[in-house]
Amino acid sequence: MPNWDDMRIFLAVARGESLSRAGRVLRMDPATVGRRIARLEESLGAALFAKSPQGYILTEAGAELLDPAETAESALATGVGAVTGMGAGLAGTIRIGAPDGAANFLLPQVCARIHEANPDLEIQILALPRVVNLSKREADMALTVSPPQTGRLTVQKVADYHLHLAAPEGSGITRLSDLKTRPVVGYIPDMIFDKELDYLSELGVTRVQLASNSLSVQLMLMRAKGGVGIVHDFALPFAPELRLILTGEIALTRAFYLVRHATDRGSERLTRFAEALSQGLRAEISRLEAQASDR
């Protein structure tokens, strides 16, 4: 019968799809990881991975082992959480993935407050201009702007947020036709990873003169070059030079969803963190949007 350490190595290779990536996670030499996988396969009498140009891919036997291994991992985490996270402050490490807008303008304040109440907790914010892959355990949970439709995941809506056009103060833009006189700032069209981020095409804008896959960079472009673009209301307090414009003509609403792996739903520790995170995000969005509307 394989021990838990064998399963831990198996999961790391399954998620990283390479010995080197698994080794970095495990802090082990890739050759050692390979020997441990070979030993596990020998003890089970089945090949768990097939080597391909894409890396280490699960065989049918490996895929059969994946769910039980993840269930065991979740059960172990729940047990640890029962010792370290109940009846006291949260502890250990929790990583949350998020698009860069939330990662830059919301999560630092929210996570700092959670940490203040739980000084033994280590919080890691993974900011990516793409969807975080929870199946490969890139993070313990993730914020998304669309609820995922596939995968063994649990999804809860956290909060709505609002977006408007913004431009530097004194831009002189008073009607939609004035937009033609300013450079448009937005996402790189072929790098929009979620349809909910395709704001400008929704408005009929076909050309983006200043583009980035990062909302933070877009904000800096608007501040530096006098451009106009769609801005999250909650980001506006961080850009004092910008003002909301044409709010009566253009107003968008989107939502954040908190996504977790289904096997983690029994973890009291992660559930408590998710509740604190959701409450904190709702309060922070409300606070920052109120500041934006006052300007």
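**Entry 1: helix H1**

I began with helix H1, which covers residues 4-16, has 13 residues and reaches 18 Å from its first C-alpha to its last, close to the 18 Å expected at 1.5 Å a residue. The expected span of a helix is 1.5 Å times one less than its number of residues. Helices here are DSSP runs of H or I with at least four residues, strands are runs of E with at least two, and both are numbered from the N terminus.

I noted the basis of the work: this is a predicted model, in which local features need pLDDT of at least 70 and side-chain atom pairs count only at pLDDT 80 or more, while totals for chains, interfaces and linings use all residues. Residues are numbered from 1 along each chain as its sequence is written, and side-chain values use heavy atoms, with hydrogens and water left out.

I then looked up how covered H1 is. Of its 13 residues, 10 are buried, so H1 is mostly covered; buried means under 20% relative accessible area, exposed over 50%, and partly exposed in between, with a 1.4 Å probe and protein chains only. Among the buried residues of H1 are Asp6, Met7, Ile9, Phe10 and Leu11. Glu17 follows H1 and has a positive phi, near 55°.

Side chains of opposite charge can pair when their charged atoms come close. I counted a salt bridge where a side-chain nitrogen of Lys or Arg lies within 4 Å of a carboxyl oxygen of Asp or Glu. By this rule the count comes to 11 salt bridges.

Which residue forms a salt bridge with Asp5? I found Arg8, with the closest N and O atoms 2.7 Å apart. Both Asp5 and Arg8 lie in helix H1, three residues apart, about one turn of the helix. Asp5 is partly exposed, with a relative accessible area of 27%, and Arg8 counts as partly exposed at 33%.

I turned next to Asp6, whose side chain meets that of Arg36 in a salt bridge of 3.5 Å, N to O. This pair links distant parts of the chain, with Arg36 in helix H3 (residues 30-44) and Asp6 in helix H1, 30 residues apart. Arg36 and Asp6 are both buried.

The side chain of Asp6 also meets that of Arg39 in a salt bridge, at 3.3 Å, N to O. This pair too links distant parts of the chain, Arg39 being in helix H3 and Asp6 in helix H1, 33 residues apart. Salt bridges that share partners join Asp5, Asp6, Arg8, Arg36 and Arg39 into one network.

**Entry 2: helices H2 and H3**

Two packed helices are described by the angle between their axes and the distance between the axes. I looked up helix H2 (residues 19-26) against H3: their axes come within 8 Å and cross at roughly 100°. Axes are lines fitted to C-alpha atoms, for helices over the stretch in contact, and angles run from 0 to 180 degrees between N-to-C directions. H2 and H3 are therefore roughly perpendicular to each other, since angles of 65 to 115 degrees count as such, under 35 as roughly parallel, over 145 as roughly antiparallel and the rest as oblique.

I noted the residues that meet: Leu19, Ser20, Ala22, Gly23 and Leu26 in H2, and Pro30, Val33 and Gly34 in H3. Contact means heavy atoms within 4.5 Å.

**Entry 3: His115**

I placed His115 in helix H6 (residues 107-117). His115 is partly exposed, with a relative accessible area of 36%. Leaving aside neighbours within four places in sequence, His115 is in contact with Leu121 and Ile123. A polar atom of the His115 side chain lies 3.5 Å from the backbone oxygen of Pro119 and one lies 3.4 Å from the backbone oxygen of Leu121.

**Entry 4: Ser146**

I found Ser146 in the loop between strand S5 (141-144) and strand S6 (153-168). Ser146 is buried, with a relative accessible area of 15%. Its side chain makes a polar contact with the side chain of Asp194 at 2.8 Å. A polar contact is a pair of N or O atoms within 3.5 Å; within protein, one must be able to donate a hydrogen and the other to accept it, and residues adjacent in sequence count only if both atoms are side-chain atoms. Leaving aside neighbours within four places in sequence, Ser146 is in contact with Asp194, Glu196 and Tyr257.
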